[in-house]
Amino acid sequence: MNYRKRKIAILGSTGSIGTQALDVVARHPDRFEAYALVANNQVERLEEQVRRFNPEVVVIANEEKYAGLKAALSDLPVKVWAGADAIEQVVQDTEIDIVLTAMVGFSGLKPTVSAIKSRKTIALANKETLVIAGELITRLALENRTAVLPVDSEHSAIFQCLNGEGDNEIEKILLTASGGPFRNCSIKELQQVTKEQALCHPNWSMGAKVTIDSSTLMNKGLEMIEARWLFDVVPSGIEVVIHPQSIIHSMVQFRDRSVMAQLSMPDMRMPIQYAFSYPERIPSEVKPIDFFELSTLTFEKPDTGKFRNLGLAYRSIEAGGNMPCIMNAANEVAVELFLQDKIGFLQMSDLIEETMAKTGFIRHPSLEDYIQTDAEARNVARERSKNYNSIN
């Protein structure tokens, strides 16, 4: 059977999600086309992707890399653009059906807004977009009648559990977490954690930022805020459950106390493909679950005494306004400093909490307010970090 190919713009094509998305495209060339590829710095990997997938246009966010990329691709008919404005422009292309937003952190916000206003289907892998400006994004999506399809494995699971449920009331979302590599460590042990240890996730293969967030449970805090906006559930109705095996990706409890769960092997190609093919399910290369090999599925409560970032995320969304934006900016700075060996593992939480207390609060922020808040919070975090002892 012939299908109309869905033309996809992949923002963050050289990252973990982007490369796995291209694997999905490669396995289903009759269904999907990589129409536009966007990357930040990795010119060589981007060139390889362009030569393999032949996109119509490619954008390098770092303008200093433009000349080198342009020269490397001079033998190809592909359009080569550069800069933040070019990213916002490319997602408006009338040929594009789906925009996969897989850029890391705050950088994904403005391109997502641009894509929504252009009424593109959003395959959302940049959780920070909803963390920073969830109220704004959900309002714009409603006004422009734009579908926002989750790509995070947990939110994809929730989305799948809700299919066919109509207006049935959600009593609780059960957001599962692997617990990361340090869930059984003591506070004393956490004080000694190195970046090399934190970058070794037990179940998932992810980029450095997301892997560190997973080790601190901040990733789950960000996902909680994302779920609040995606599924219109108050934060108190979202419960984080540690599930070390990462087989159940999340669950939904309804008012009759029935619980729906979505299970699959931990492989990000599954939720990426579902967002691309929705509402249809198509064949997958993901390994099937062998229930006879699964000896146990276990569940635990998260320890917010040791992993304070989860509590800080709840505090930020309960405060509302620009506080989640402040929290997110502080976390991005904290992770960067930790990866540079400038602060310790537990000091990341200290820095986030201090920044939330010292940055100006706005109850009803605009898009410009979010941009200014992000810059202010980063400055506050960097200034406060000077009081911390280097771990070098």
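Tutor: Helices here are DSSP runs of H or I with at least four residues, strands are runs of E with at least two, and both are numbered from the N terminus. Keep in mind that this is a predicted model.

Student: Is F291 buried or exposed?
Tutor: Exposed means over 50% relative accessible area, and buried means under 20%. F291 has a relative accessible area of 54%, so F291 is exposed.

Student: Which residues form a nonpolar patch on the surface, and how much accessible area do they have together?
Tutor: The patch is formed by L263, F291, L297 and F299. Together they have an accessible area of about 350 Å².

Student: Which strands stand at the edges of the open sheet of seven strands?
Tutor: The order of this sheet is β4-β3-β2-β1-β5-β6-β7, with parallel pairing. An edge strand here has a single partner strand, so one side of it is left without a neighbour in the sheet. The strands at the edges are β4 (79–82) and β7 (148–150).

Student: What stands opposite I60 in β4?
Tutor: Strand β3 spans residues 57–60 and pairs with β4 in the parallel sense over four bridges. In β4, the residue opposite I60 is A82.

Student: What angle does the direction of helix α5 make with that of β6?
Tutor: Helix α5 (residues 109–117) packs on the sheet and touches β1, β5 and β6. Its direction makes with that of β6 an angle of about 150°.

Student: Which strands stand at the edges of the open sheet of four strands?
Tutor: That sheet has the order β9-β8-β10-β11, with mixed pairing. Each edge strand has a single partner strand, so one side is left without a neighbour in the sheet. These strands are β9 (238–242) and β11 (259–263).

Student: Which residue in β10 is the bridge partner of I173?
Tutor: Strand β8 (residues 170–177) and strand β10 (residues 248–254) pair in the antiparallel sense over four bridges. The bridge partner of I173 in β10 is V252.

Student: Is D213 buried or exposed?
Tutor: D213 lies in helix α10, residues 208–216. Leaving out residues up to four places away in sequence, D213 touches M218, N219, L222, N331 and V335. Its relative accessible area is 1%, and buried means under 20%. D213 is therefore buried.

Technical notes. Residues are numbered from 1 along each chain as its sequence is written. This is a predicted model: local features need pLDDT of at least 70, side-chain atom pairs count only at pLDDT 80 or more; totals for chains, interfaces and linings use all residues. Side-chain values use heavy atoms; hydrogens and water are left out. Patches are made of residues with over 30% relative accessible area and no salt bridge: like charges are joined within 9 Å, nonpolar side chains (Val, Leu, Ile, Met, Phe, Trp, Tyr) within 5 Å. Accessible areas come from the Shrake-Rupley method with a 1.4 Å probe; for residues, only the protein chains shown count as cover. A salt bridge is a side-chain nitrogen of Lys or Arg within 4 Å of a carboxyl oxygen of Asp or Glu. Buried means under 20% relative accessible area, exposed over 50%, partly exposed in between (1.4 Å probe, protein chains only). Two strands pair if DSSP finds at least two bridges between them. Contact means heavy atoms within 4.5 Å. Axes are lines fitted to C-alpha atoms, for helices over the stretch in contact, and angles run from 0 to 180 degrees between N-to-C directions.
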